[in-house]
Amino acid sequence: MDVNIDKYLRQDKLPHIWCPGCGHGTVLGSFVRAFDQSGLDQDKTVVISGIGCSGRASGYLNFDTLHVTHGRALTFATGVKMANPELNVIVMTGDGDGAAIGGNHLIHSSRRNIDITVVLFNNNIYGMTGGQFSPMTPTGDTATTSPYGNIDQNFDLCELAKSSGATFVGRGASYQPRKMIKLMKEGLLHKGFAFVETLTQCPVNYGKRNKIGGARDMLKWQDENLVPAKKYEKMDPAEREGLISTGILHQVVKEEYTDKYKNVINTVMAGESNE
Amino acid sequence: MSKSITLLLQGDEAVVEGGMAAGADFFAGYPITPASEIAEGFAEQLPEKGGKFIQMEDEIAGMGCIVGASLAGAKAITATSGPGFSLKQENLGFAIMVEAPCVVVNVQRVGPSTGLPTSPSQGDIMQAKWGTHGDHPIIALSPSSVSETFDLTVTAFNLAEKYRIPVILLLDEIVGHMREKITIPPADELEIVNRKKPKPEDNDNFYPYEETEDLIPPMPDYGTGFKYHSTGLFHDKTGFPRGKTEDARKLMDRLMGKINNNLDDIIHLEEDLNGDEDVVVLAYGSTVRSAISAVNQVREDGVKAGWVKLKTIWPFADDYVRELAEKVDRIIVPELNMGQLIGEVKRVAAGKAEVTGINRYDGTLITPADVVAEIKGAL
């Protein structure tokens, strides 16, 4: 079953410029299908992206779109959502954009539980600038700025978002587009801050350099190491070693930020009229 | 049925009153001395009118947030001081590039770095013009009293909306924190400008960054069906990036042109000149007060002196100062810095008048006596 996704894409901007074998197109394709299934109004939706390979995503999408400064997409998104809470606000960001320079905004947006859906393209590397290590490059891997092996420890971004207060946290992967579509749809429909990490392969700047191989080999790696969240929860810590959980990892109901502020306005305005 | 009200206010509080009067409905920012009273005032007043206040995690976020709010249709403002202003610069440049109207208040304190947090300075004159990277237009206004702070805050919003540009309001700590009597005019006596928006029927042939005759394209609110793209990259009329030299130059020329073609509307100044001056004190911000006091004193001694108050710092009043330099012998520029705007005065005067500065950069103010001494020493 495929749907007409053409209306969500700016046909004149395609084909995209992502490298052959890159997983970003799969993430973008999953997103438009998820959006279609969500039933949300295209005209009332704003997509905001930052800088890097993921930053290109907004340009391909037929919505009100904003391509901002490096790492700051969530700050602009917060302004859009606060100014007009009727809008659906989506942020497309990468592991460098969202977890390094934008890490502070990620934790504070999670903390506020503002109704924004974040799709974070995690390809474990700075792709656009030519393969420098990111906060998601695994320890020991090589990058142009870690020629002797990366000594930094990488984040678990889903744990970070969850512990910061995000009320929806999930992880998908380019090897599992159907699962990713379902996950993104749930994230879009969730009221509150929804963080969706997507694992996407960068064969050119990460896979090749670390001798993992091409796109096919990287997807095979995903196949061998992804575990559904429910199964992962039941596993012993020793069994989990090296494996990555996918699906909805965390979802709770908590009052949303713009709703809270609406209450402030209503209370203050009611107080004024009583005077 | 509105009437004017008289209050005793700080400059920072007058920013809040001016903003509310201008129709501000969004504030995002981060607390910093000596500008925090502005955030506090908006936090209290905005929800009373259905507006929004949000305290962000840092200064960078505050600037990004107001640009996002502006694109969603809000009249947005942030307020900061020197260190915060430095942090906002990249997103300020972004606002210039996507032509998002907004107001950025900088209540200047002494720098560099953390400097003197509670002492006045006019040290960010050049940062206001050149803080972000690349060539770009900017509008910066500087009030010298609490009452003028109210007026120029309204002007800042109006210019921002009219020209689709961030407008910087440069207070110094003296103006920000001193209390004065201020009369706020009735709402219906204020001229309020709102941005030009496209009509829904314009959607079919809509180009968000079109080179319209006035060089200022209409700006739709997000969510009204236009589905357009904005980027910090150089772009063509469609809003999408174009790497071509010709398009880059066209965009830059339009961005500069929309300001440079309207200097008479943007540049505000006041003068007290009799036309026979030997010496003129050209000042801005709190320093204006000492300049006026000093000129009044020396005139009693028969000195032919006058004063000029610049309310618009950027764009600089080139034509006015050029003509002034042709008429007078000497221009004195008092500044709470080591000499920033004086460079512009010298550039424009081009040797036609002698230009000297009075400079303090130690957190204390320039007194009328300092200006009197400089005037008399000049004669």
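A salt bridge (a side-chain nitrogen of Lys or Arg within 4 Å of a carboxyl oxygen of Asp or Glu) joins the side chains of R112(A) and E57(B), with an N to O distance of 2.6 Å. By this rule, two salt bridges are found across the interface of chain B and chain A. This is a predicted model, in which local features need pLDDT of at least 70 and side-chain atom pairs count only at pLDDT 80 or more, while totals for chains, interfaces and linings use all residues. Residues are numbered from 1 along each chain as its sequence is written, chains are lettered from A in the order in which they are written, and side-chain values use heavy atoms, without hydrogens and water.

On the side of chain B that touches chain A, β3 (52–55), α3 (59–71), α4 (82–98) and β10 (229–231) each supply at least two residues; α3(B) gives the most, with eight residues. This side divides into 19 nonpolar, 13 polar and seven charged residues. In total, 39 residues of chain B are in contact (heavy atoms within 4.5 Å) with 39 residues of chain A.

The area buried between the two chains (accessible area lost on being put together, 1.4 Å probe, summed over both) is about 3200 Å², and carbon and sulfur atoms give 60% of this area. E57(B), Y222(B) and K227(B) supply 22% of the area that chain B buries against chain A, more than any other three residues.

Methods. Helices (H or I, at least four residues) and strands (E, at least two) are DSSP runs, numbered from the N terminus. Ala, Val, Leu, Ile, Met, Phe, Trp, Tyr, Cys and Pro count as nonpolar, Asp, Glu, Lys and Arg as charged, and the others, Gly among them, as polar.
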